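I opened a new page for this chain.

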Amino acid sequence: MFRWFLTIFLAVVVFSSALPWLEKLGIGRLPGDLRFRLFGRQFVFPFASTILVCLFVLLVARVLK
């Protein structure tokens, strides 16, 4: 359980930092991606995009195995 939590947390951190480039591809604006503005800063939590990309990586890893 802890391993999955850590993996998802790291994926959210990576996607949050790469979000400006990924938005050009349409990733980061899916239903389930949270965006809100607080004290003049915009916070983004791309949960749905993280799950989508993790599933894609899983499928690629299984094909290459």
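My entries follow, from the whole chain down to single residues.

**Entry 1: the whole chain**

I noted first that this is a predicted model. I then looked up the secondary structure and found 3 helices and 2 strands. Read from the N terminus, the elements run α-α-β-β-α. I looked up the extent next. The C-alpha atoms fill a box of roughly 45 × 30 × 20 Å along the principal axes.

I also checked burial. Of the 65 residues in the chain, 18% are buried. Residues 24 or more positions apart account for 30% of them.

How do the axes of α1 and α3 cross? I found that they come within 10 Å and cross at roughly 110°. The range for roughly perpendicular is 65 to 115 degrees, so α1 and α3 count as roughly perpendicular to each other.

I listed the residues that make this contact. From α1 they are I8, A11, V12 and F15. From α3 they are F47, S49, T50, V53 and C54. I sorted them by class and got 7 nonpolar, 2 polar and no charged residues.

**Entry 2: the largest pocket**

I looked up the largest pocket and its volume. The space in it is about 260 Å³. Its lining consists of W4, T7, I8, T50, I51, C54, L55, V57 and L58. Two elements give two or more residues to this lining: α1, which spans 2-17, and α3, which spans 47-64.

Which element gives the largest share? It is α3, with 6 residues. By class, the pocket lining has 7 nonpolar, 2 polar and no charged residues.

**Entry 3: F39**

I went to the loop between β1 and β2, where F39 sits. The strand β2 covers 41-46. F39 is not a glycine, yet its phi is positive, at about 55°.

Is F39 buried or exposed? Its relative accessible area is 81%. Exposed means over 50%, so F39 is exposed.

**Entry 4: K24**

My last stop was K24, in the loop between α2 (19-22) and β1 (33-38). K24 counts as exposed because its relative accessibility is 71%.

I then looked up how far K24 is from L59. They are 35 residues apart in sequence. In space, they are 23 Å apart from C-alpha to C-alpha.

Note on methods. Residues numbered from 1 in each chain as written. Predicted model: local features only at pLDDT ≥ 70, side-chain atom pairs only at ≥ 80, totals over all residues. Heavy atoms only, no water. 1 Å grid on protein atoms, 1.4 Å probe; cavity = no way out; pocket = protein on both sides within 12 Å on 5 of 7 lines; lining within 4 Å. Points joined across faces, edges and corners; volume = space filled by probe spheres on them. Helix = DSSP H or I, 4+ residues; strand = E, 2+ residues; numbered from the N terminus. Nonpolar A, V, L, I, M, F, W, Y, C, P; charged D, E, K, R; others polar. Buried < 20%, exposed > 50% of the residue type's maximum accessible area, 1.4 Å probe, protein only. Axes fitted to C-alpha atoms, helices over the stretch in contact; angles between N-to-C directions. Parallel < 35°, antiparallel > 145°, perpendicular 65-115°, else oblique. Contact = heavy atoms within 4.5 Å.
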